[in-house]
Amino acid sequence: MADTKREIERKYELPELPDAEGPAGLPDLTRARGVASVLAEGVVELDAVYYDTADQRLAAGRLTLRRREGGDDAGWHLKFPVATGIRDELRAPLGDTVPDELVALASSRSLGAPLVPVVRLRTARDVSQLYAADGERLAEVSVDTVRAERLAGAVAGHPATAAWTEVEVELAEGADPAVLDAVEKKLRKAGLRPAVAPSKLSRALQETAPAARAATGPSGTAGDHVLAYLRAQIEAIVTQDPAVRRDLPDSVHQLRVATRRLRSAFRSYRKVLDRSVTDPIGTELRWLAGELGVDRDNEVLTQRLSAHIDDVPRTLLLGPVESRLRIWSVARRSGSRERTLAVLDSERYRTLLTALDALLTEPPLRKGAERTPGTVLPRALLKDYARLARRTEHALSLAPGEERDVALHSARKAAKRARYAAEAATPALGKPADRFRKRVKDVQSTLGDHQDSVVARETLREIGIAAHAAGETAFTWGLLYGEEEARSAALERELTVVWAESSRRKWRSALTG
């Protein structure tokens, strides 16, 4: 894995002095709160070539990939946005070609298209370090004189070069972010203003050619609103891809949630979207979620059972309970990291990403997409709610047992679909759809907790049998099974209350006005 550095910085534009004297200089930053001294380090010459696809897919996703010479961090750098002014920079050694690891991390954006040089930036960087009274390094301040040259994608009527001077303030590792506010206060007082462009590459692209393609938000039709929701979920998949590759916390879960939301939208809004296009994509999304979910589900279940074991009085923990759980968990692992990366590197997955991109480029809209949201979206919500009602009431009519558990799980799926449909409709329908979403989410949460308990019971029985076969006492596993059984029964009683609260509301009149 490439080295990763969290970059927290702010950029500022220097005002021009009168009489063409060039840009102004920096104020005395020792007057900024917490700054005791400023050490000038001199000028460093940097030469960076930025890479992207021909249609600037990386730039559209606010990723930057560069090969830079000069300075103390020469090499290949791939930067991912984290928040405003914060990026994660992944570094690889300097070489002639883009490192395979960085190609893979950018692949959900590039979709296999070649990464070619698009912009060259040559920067004269005048560097100073800010220190506290105790000698702690607080930040690096640089005055960057930039010369940009467009290498690919030049457009007639637009200059191929640009030049400007900017100030960059980067927080030192471990320093208090408040120092950035203190420095900014002094810079603003001296006439500097925050840079409009989020990066040098962004400014270079803006000044040498039209901006990269930008996504449009919802407009007035039902199709516009549904597509806005699809766009958000597809963006989530594309964003979480490199996060999963980097093994970031919760990334697999977030990617799976995005696939589920997309599949639900395909099914809920069939009056808007052409099934002949979305059904095959939905099948592939289901495959992806299933491939990524095996180890995640095992991890969550292990955590649940471990927590229950921790709650058992020590006098009732008979036999090697913790060890037996570890044995079960390890045996269930499927080589998670290797398997996940193999899925993301597969041709099948790349084909899916290409299909999702095409879905937004040429949306498969039906005639219903041209109608107003108020006529199309409520009908979809009510249809999903009717499915949920049928399944929930059927499940509650059954006697406790395996058949009821299966029926309740089916109702859970319907609740999740109705909830996601309401999420998509809320920007258009407002508070009524949001209230609908909250009510359905309450039902889904109760059903989800019940299903988790069902799965936990099945696992406890499996582990208990293995313990018995190994000559161990299965007492504790039976105890935990009984607790989960009681928990399931309590959740079924809770469901009758939650469902009554949801079904009592007249959703047709609420959603249609």
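**Loops and helices**

Mentor: Let's start with Asp250, which lies in the loop between α6 and α7. Keep in mind that this is a predicted model.

Trainee: What is the phi of Asp250 near?
Mentor: Phi of Asp250 is near 65°, a positive value in a residue other than glycine. Most residues other than glycine have a negative phi.

Trainee: Where does Asp247 lie, then?
Mentor: Asp247 also sits in the loop between α6 (222–245) and α7 (251–268). Phi of Asp247 is near 60°, again positive in a residue that is not glycine.

Trainee: How does Asp247 count, buried or exposed?
Mentor: Exposed, because its relative accessibility is 54% and the cut-off for exposed is over 50%. Asp250 has 37% relative accessibility, so Asp250 counts as partly exposed.

Trainee: New topic. At what angle do α8 and α10 pack?
Mentor: About 165°, with the axes 9 Å apart. Here α8 is residues 275–311 and α10 is residues 336–344. The two helices are therefore roughly antiparallel to each other.

Trainee: Is the crossing of α8 and α10 left-handed or right-handed?
Mentor: Left-handed. On the α8 side, the contact is made by Trp287, Leu288, Glu291, Leu292, Val294 and Asp295. From α10 come Ser336, Arg339, Thr340 and Val343.

Trainee: How many of those are nonpolar, polar and charged?
Mentor: The contact of α8 with α10 has five nonpolar, two polar and three charged residues.

Trainee: What about α15, what should its residues span?
Mentor: Helix α15 covers residues 475–503, which is 29 residues. At 1.5 Å a residue, α15 should span 42 Å. Its end C-alpha atoms are 42 Å apart, so the two agree.

Trainee: Which residues of α15 are buried?
Mentor: Among them are Trp477, Leu480, Leu491, Leu495, Val498 and Trp499. Glu484 and Glu492 are on the list too.

Trainee: And what do the buried residues of α15 pack against?
Mentor: Several helices: α8, α9 (321–332), α12 (373–397), α13, α14 (431–469) and α16 (507–512).

Trainee: Last one. Where is Ala422 found?
Mentor: In helix α13, residues 402–429. Ala422 is buried, because its relative accessible area is 0%.

Trainee: Which residues does Ala422 touch?
Mentor: Leaving out residues up to four places away in sequence, Ala422 touches Leu381, Ala433, Phe436 and Arg437.

Trainee: How far is Ala422 from Lys438, by C-alpha atoms?
Mentor: They are separated by 9.0 Å. Along the chain, Ala422 and Lys438 are 16 residues apart.

Conventions:
Residues numbered from 1 in each chain as written. Predicted model: local features only at pLDDT ≥ 70, side-chain atom pairs only at ≥ 80, totals over all residues. Heavy atoms only, no water. Axes fitted to C-alpha atoms, helices over the stretch in contact; angles between N-to-C directions. Helix = DSSP H or I, 4+ residues; strand = E, 2+ residues; numbered from the N terminus. Parallel < 35°, antiparallel > 145°, perpendicular 65-115°, else oblique. Left-handed = near helix turned anticlockwise from the far one by under 90°. Contact = heavy atoms within 4.5 Å. Nonpolar A, V, L, I, M, F, W, Y, C, P; charged D, E, K, R; others polar. Buried < 20%, exposed > 50% of the residue type's maximum accessible area, 1.4 Å probe, protein only. Expected span 1.5 Å × (residues − 1).
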